[in-house]
Structure formats: C-alpha cells, structure tokens
Amino acid sequence: MSPTTTVEAFAPAKINLTLHVTGQRPDGYHLLDSLVVFADVGDTISAEDAPDTSLAVDGPRRAGVPVDDGNLVLKAARLMPGANAALTLTKRLPAASGIGGGSADAAATLRALHALTGAPLPDGRDVLALGADVPVCLEGRAVRMSGIGERLAPVPPLPPLPAVLANPGIEVPTPSVFKALARRDNAPMPDIPQFTTPGEIAEWLATQRNDLEPPARKLAPQITETLTALSALPGCQLARMSGSGATCFALFSTPEEAESAARSLRQNHPDWWTAATRLS
Ligand code: C5P
C-alpha cells in the first residue's frame with residue numbers, strides 16, 4: 001500500500017483596495033477596475049488521496065457552509081475530472097462578505113488538486129465561470145483586475161500594509177448591491193504609482209473609490225457603523241469597504257498599531273468578526 005498523501009492550500013482573504021465600476025456588459029455583468037491584494041488570514045483546503053471526491057467542512061466559521069454541490073469547492077473540483085481527493089475545508093472567513101471566501105476556497109481547491117495529482121489547471125474561461133473573483137484568487141498576489149474579473153495586470157511592488165478587517169456579522173447579497181448602483185459609467189483608476197510606505201498608499205487610495213460602498217451602505221447601515229468605528233481607531237489612515245461588503249478594512253503604518261486597534265475594536269464589538277493582518 002502506498003503512503004497517504006495530503007496537500008494543503010491556503011485560501012487568503014481577498015481585499016479590494018479600490019473597486020471602480022466602469023460599465024456594464026449586455027449580459028448584466030459589470031466592468032470593474034480594482035486594485036486587489038491578499039491578507040494573511042484565510043481558509044485552508046486540504047486534499048488527501050482518495051478514490052472518489054468528497055468534502056468535509058470544519059473550522060470556526062463552518063456553520064451554514066454547504067457540504068453539497070452548492071459549495072464552490074466541489075464545483076471547482078468538478079473542473080478537474082479524475083483528480084479525486086477527500087477535501088477538507090477549514091472555514092475561518094465569514095461567508096458572503098466581500099473578501100472572496102468562496103472564490104478563494106475554489107482557487108485553493110484547484111491548486112491543491114493540481115499539486116496532489118499533477119492534473120492540469122482548468123481553462124481560464126471555466127475558472128471565470130465559477131465566479132468573477134476566482135481568477136484573481138488563483139493569481140493570489142497583488143494585481144490590477146479589470147473586465148468582469150478575468151483581466152489581471154501586474155502592479156508596481158507594494159510594501160506590506162498593516163490592516164484591520166472587520167465584519168459586523170451581516171451578509172449582503174452581491175447582486176442587490178450591483179443593482180442599487182446609481183451609475184455604472186464611473187472613471188477607471190489612473191496608473192498606479194510606485195509606493196514606498198503604507199502612508200503613501202493610504203494617501204493615494206483616499207483619492208480613489210469603492211463604487212459599491214454607497215449602495216451597500218444604503219442596503220446595510222451596519223456598514224456605515226463599521227466604517228465609523230474603524231476610522232475612529234488611533235492610527236487609522238484609511239477605512240473602506242471591500243468588494244460588495246460587508247467586510248471593511250482599515251490601514252495603519254505599523255503592525256503594532258494594527259494589533260492594538262484590533263484589540264480595542266474587539267472589546268467594543270465582541271460580536272463582530274475582526275482580524276489584524278498584513279495585506280500584500
Ligand atoms: O461571478 P459571481 O457569482 O461572483 O457574481 C455574483 C453576482 O455579482 C453576479 O450574479 C452579478 O449579479 C454580480 N456581478 C456583476 N459584475 C461582476 C461580478 C459580479 O454584476 N463583475
């Protein structure tokens with residue numbers, strides 16, 4: 001009998017530092033221009049040699065996560081027929097929260113199955129069909145994302161950004177937020193400059209936007225409460241929503257400032273999901 005082989009793949013939270021909505025395709029999908037980075041907190045996928053593919057879910061945020069075909073992990077695995085594995089998803093990120101949890105899990109599944117079995121990664125169009133955020137999650141590093149999520153362009157190297165993530169415990173349906181947009185023909189980002197410090201990035205980001213923030217705040221006033229709480233933290237340089245919400249992020253100059261801000265946020269809002277992290 002050959003020894004059992006297990007591969008683990010990390011599924012980091014995706015953060016949209018900017019998200020400009022620049023148009024809409026005839027099929028309803030929106031054209032975006034977004035600077036995307038990744039956190040050092042996330043879910044984990046482990047894949048173990050097995051004759052058939054199966055899925056188990058554990059971890060602190062497993063409640064309500066489907067283990068059937070509704071889970072993007074199994075949809076991703078189906079794109080690699082023959083690459084069978086017993087998959088375990090360790091869920092730490094809140095679901096439907098603007099930080100790409102399900103998309104990151106799908107991308108990590110593809111990576112894990114590729115590493116475990118040597119099967120080739122699926123075609124880009126099939127990856128996009130899993131979800132508009134899956135291609136960027138498969139890339140897994142800072143990029144400028146456009147199209148509906150399929151165009152990924154390199155960005156100048158960014159210094160790691162100390163940050164705090166906060167989610168007030170609500171799920172905001174992405175289609176409702178896009179539907180509530182007042183306009184869809186907003187300006188794209190200018191060229192992204194070269195930065196050397198987190199402060200320079202925060203200053204530049206303040207001149208850019210997340211166009212989904214105003215409609216999301218209208219649908220879920222808790223997002224405004226979250227942004228107000230983050231902005232009030234000592235050392236906060238910028239507070240903004242990620243994706244279609246409700247998770248928001250705050251940027252700081254040093255990891256110590258971010259850690260201490262996360263501690264005080266946890267004290268004041270013990271029911272929120274919070275994390276001190278490093279974005280890169
Ligand atoms: O592709 P995904 O399943 O993640 O998208 C969820 C929903 O978000 C879509 O059904 C669509 O309503 C909206 N969306 C969009 N434009 C994008 C990405 C998502 O309108 N670029």
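Domain bounds, as I use them here, come from an automatic or database domain assignment. With those bounds, I read 21 Å between the centres of domain 1 and domain 2, taken over C-alpha atoms. I note at the outset that this is a predicted model.

**Entry 1: the chain as a whole**

I counted nine helices and 11 strands in the protein chain. I then looked up the radius of gyration, which is 19 Å, close to the 19 Å that the globule rule gives for 280 residues, so the chain is as compact as a globular protein of that length. Along the principal axes, I found that the C-alpha trace spans about 60 × 45 × 35 Å. I recorded 45% of the 280 residues as buried. I also checked contacts between residues at least 6 apart in sequence, of which 76% join residues at least 24 apart.

**Entry 2: the two domains**

The domain assignment gave me domain 1 (6-151) and domain 2 (156-279). I looked up how they meet: 28 residues of domain 1 are in contact with 32 residues of domain 2. On the domain 1 side of this contact, I found strand E1 (6-16), strand E2 (20-24) and E3 each supplying at least two residues. Which of these elements gives the most to that side? I noted that E3 does, with eight residues. By class, I list 15 nonpolar, 10 polar and three charged residues on the side of domain 1 that touches domain 2.

**Entry 3: around the ligand**

I asked which domains supply the shell around the ligand. Domain 1 and domain 2 each contribute at least three residues. I listed the residues around the ligand, among them Tyr-29, His-30, Asp-133, Thr-174 and Phe-178. Strand E3 (30-49) and helix H5 (174-179) each supply at least two residues of the shell, and I noted that H5 gives the most, with three. I classed the shell residues as six nonpolar, four polar and one charged.

I next examined helix H8 (residues 222-231), in which the buried residues are Ile-223, Thr-226, Leu-227, Ala-229 and Leu-230. These residues cover an arc of only 160° around the axis, which puts them on the same side of H8. I recalled that an α-helix has 3.6 residues a turn, so residues three or four places apart point the same way. What do the buried residues of H8 pack against? I found strand E8 (161-167), helix H7 (213-219), strand E9 (238-241), strand E10 (248-251) and helix H9 (255-268).

Key. Residues numbered from 1 in each chain as written. Predicted model: local features only at pLDDT ≥ 70, side-chain atom pairs only at ≥ 80, totals over all residues. Near = placed C-beta within 6 Å. Helix = DSSP H or I, 4+ residues; strand = E, 2+ residues; numbered from the N terminus. Nonpolar A, V, L, I, M, F, W, Y, C, P; charged D, E, K, R; others polar. Buried ≥ 20, exposed ≤ 12 C-beta atoms within 10 Å, placed from the backbone. Arc of directions from axis to C-beta. Contact = placed C-beta atoms within 7 Å. Rg over C-alpha atoms; globule rule 2.2 N^0.38 Å.
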